[in-house]
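Thanks for asking for a second pair of eyes on this one.

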Amino acid sequence: MAFEKYDFTPLTQSIHQGLSENLSPLLTTIIEWTIIGVLYLLFIAVFGLLLVYAERKVCAFFQQRLGPMRVGPWGLIQTIADFIKLLMKELITPKSVDKFLYNLAPFIVIIVPFLTISVIPFAPGLQALDFDIGIFFVTAVSSVGVIGVLLAGWASNNKYSLIGGMRSGAQIVSYELSVGMSLITMVIMAGTMQVSEIVELQRGGWFLFKGHIPAVIAFFVFVVAGTAETNRGPFDLAEAESELTAGFHTEYSGIKFAFFFLAEYINLFIVAAMATIVFLGGWMPFHFGGFESFNTIMDYIPGLVWFFMKVFAIIFLIMWFKWTFPRLRIDQILTLEWKYLLPINLFNILLMATMVLLGWHW
Amino acid sequence: MAEIIEKIITTDEIKTDEYLVNMGPQHPSTHGVLRLLLKLEGEIVHNVEPHVGYIHSGIEKMTEALSYPQIPHLTDRMDYLSSHMNNEAVSLLVENALQVEVPERVKYIRTIFDELQRLASHQLWWCASGMDLGALTAFFYGLRDREDILDIFEETCGARLTLNYSVPGGVMFDIHPNFQRKVKAFIKKFRKILPEYDKLLTGNIIFQNRTRGVGILTKEDAIAYGVTGPTGRASGFSCDVRKHHPYSAYPYIKFDEKLGSDGDSFMRWKLRMDEMWESLNIIEQLIDNIPEGDYAVKMKGVIKLPEGEYYQRVETARGEFGVYVVSDGKKNPYRVKFRSPGFSNLFAINHIAKGWKIADLVAIMATFDLVIPDIDR
Amino acid sequence: MTNEQLIEQLTSANPIADVKQGIQYPEITVSFNTLHAFMQNLKSDSNLAFDYLVCQSGVDYPTYMQVVYHLESTLHKHFLIVKVNTENRETPALDTVTDIWPTAEFHEREIYDLLGVKFNNHPDLRRLFLDDTWGFPLRKDYKDDIHVVER
């Protein structure tokens, strides 16, 4: 397969070899952690900025205008300028907030994307943590984010924030069920929770096509529930500008607000990345059953490029939702989850299990 | 034990606290400086108390020191989205009181401007309401199309919003030579764009869930609270002044008065969209037939209305606008009262918003289409 | 009903009230102590059926205050102007018509705010636009050096 030359495993192995030969095991581990940590920090920072820029451009595209154009060529430096501005802003802390919780909330919210991003395989061999309950780890850790949101709403000592935080908390907790269950549907098909295994199994074709009906249903449910998880799109009642000013992060300014903002975009990336891994093959190129020549051509594009193409396609889709639809009311959001998505999910799991048992998939 | 337990408290007596939230004067969706004091229990609204007066400018008092030709220029600022209709109300009142007959050309021009401004006002309502409900893209689409109308206004009147165009006796300037051509081009373009608005929002299931059945205003309540305009017509209250007491060129044209029956937010929305279609039809009937003639009649230098009282009503984009003048024969009026549609419409909200959630209150406010300077004057 | 028929019916029902044809619509002036009963009758009488209070305004005259009601019937499509004068200008007070037409609640608050006319039995007579320490701006004798420029 041609993509072996894009495999990052030799690179990471050689670094590991080089370090462990010359240094003690403890020091090797520490240095490796530091390298990974710094790389992920850089990635998140840069990707966050890129996503904010992409959102503004996509939004402008839907609204028939151009978006940022002046700061840098095609407005590329706009987000950097915005973040420098946010960093320089005064951190206004209202007098009667619960100081410890108020300061803790943004940190909890930003930790979640860091944790989940460690199990995502960007390319063959480029994955920080690869244990055999990878999918389970992602669903478990992403639930921690709701604590940050609730804390922010409560500690702000502001009725609007409290309403926003409560709404958001209810919404996130509900939609985690749907997200988890649609991932489980695909785990049933794959037979393993290990993320790299799931990607490998899609070598003969992506799960979306292999699993036809239940996989497509699970994909739709996952994308809808994923946008609701990240408080985006038609489900952004918690931060609805036209109703409650800014919801649970009204009282935050400067870098703390930047944390919430950044966390929302990285969560968007996580949702899109999980969708790509589980439904669209991760870094696996588009292979078609037995057409070897076609597959070889597809393999010439590196896995890293495939991964990001797919992630951007899903992110574009999710952004499209936000700029087209009006907002749902909180009780409609919860109705959608508990009365519609949950039964569909349960039925879908049953369907997928039956299919796997009878071997009715490719 | 009997002495200690005085009575058994049932759950009815343990009331959860209601709390007061201010949808303050600065709020993205109250469309102006309006303060709504909400008494909430969780998400449910128990009471809405509007506090107005943040933009009260004392226009009625000011008119007591002005002469009659000066008054129309103040009326622009009240309901600025229907400024020409406000101007027209005062001009018609003075003309009818002095029994001055304006040329036909003036009547046609005034009506065309009325309908163009109604279109512009409804477009702004559509885009702002879409934004309130969360469809942020709607804002840009509506404003982009509204620019054409505003350019037409600017060519003839010099202003885009507060037109200052009708005065007692006629209009201030003749229409620009490009006027007819541009209006016809605009109508053609807008007929294709209006179905897009419907596709974007009116047919969307999320939108329908937000507005169907929300905030029902019955016909009796509409009449009792004096709610006019598209808001009142959606409840079945037939109150279109253009039909019942026609003025200017309205007697010469045929158009339908659209009435709804449900009185919910969706009906109010749909009715305004239908009114936009009707306005297009009206303009089409008039634009080709503008008679030649003067654009104003020469009025006396100092206008004095005969002693007595006069009441003139017009149909603005929001409802019935009335001007009541008490004259004592001098050149300044003794008392001018403006009956603004927003004033009556606003206070019906408390009645219909009880029991709904905050998000529904936003939907109700959006479909009521209030302009706050109209309320405060 | 046409204006003449309206005037006829009202004159026969209220011999002491002053009914006449104004410049546009019939006008009737009633006294303040029969105001409420008269208004109730205007709404409940099926020939009159004035269910739509179009406008309620206050006017300041040298010796009294006047409140003018513009009424319309959505059923019969006739229009009537009702005027009532207060007893004096120092303590102007009238009966409220809020229980007959709910929209009057806010029109009366506005008249109280700008002119100082109190309405008896009003459910919530507070000032509407201005704060409690302000005078009554629409009165002819309102003097305010800061906000009003007099030539």
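1. Chain C, elements. Please keep in mind that this is a predicted model. Chain C contains three helices and seven strands. Their order along the sequence is α-β-β-α-β-β-β-β-α-β.

2. Chain C, overall form. A compact globule of 151 residues would have a radius of gyration near 15 Å, and chain C agrees with that at 16 Å. The C-alpha trace of chain C spans about 50 × 35 × 25 Å along its principal axes. Of the 151 residues in chain C, 38% are buried. Among contacts in chain C with a separation of 6 or more, 46% join residues 24 or more positions apart.

3. Chain B, confidence. The mean pLDDT of chain B is 85, and 95% of the residues score at least 70. Where in chain B is confidence lowest, and where is it highest? The lowest mean, 79, belongs to E1(B), while strand E8 (residues 335-339) of chain B has the highest, at 91.

4. The contact between chains A and B. Chain B brings 25 residues to this contact and chain A brings 20 residues. On the chain B side, the elements giving two or more residues are strand E1 (19-23), helix H4 (104-133), helix H5 (137-157), helix H7 (205-211) and helix H14 (358-368). That side of chain B is made up of 14 nonpolar, six polar and five charged residues. When you look at E1(B) here, recall that it has the lowest mean confidence in chain B.

5. Helix H4 of chain A. This helix (residues 99-117) has a bend of about 25° at A:Ala105, with the proline A:Pro106 following within four residues. Both A:Ala105 and A:Pro106 are buried, and other buried residues of H4(A) include A:Tyr102, A:Ile108, A:Val109, A:Val112 and A:Ile117. What do the buried residues of H4(A) pack against? Their partners are helix H2 (25-62), helix H5 (134-142), helix H6 (145-155) and helix H12 (254-279) of chain A.

6. Helix H10 of chain A. From first C-alpha to last, the 18 residues of helix H10 (residues 212-229) of chain A reach 25 Å, close to the 26 Å expected at 1.5 Å a residue. Is H10(A) mostly covered or mostly open? Mostly covered, with 13 of its 18 residues buried. After H10(A) comes A:Asn231, which has a positive phi near 55°.

Key
Residues numbered from 1 in each chain as written. Chains lettered and ligands numbered in written order. Predicted model: local features only at pLDDT ≥ 70, side-chain atom pairs only at ≥ 80, totals over all residues. Contact = placed C-beta atoms within 7 Å. Nonpolar A, V, L, I, M, F, W, Y, C, P; charged D, E, K, R; others polar. Rg over C-alpha atoms; globule rule 2.2 N^0.38 Å. Buried ≥ 20, exposed ≤ 12 C-beta atoms within 10 Å, placed from the backbone. pLDDT = per-residue confidence, 0-100. Bend = angle between axes of the 7 residues up to and from the residue. Expected span 1.5 Å × (residues − 1).
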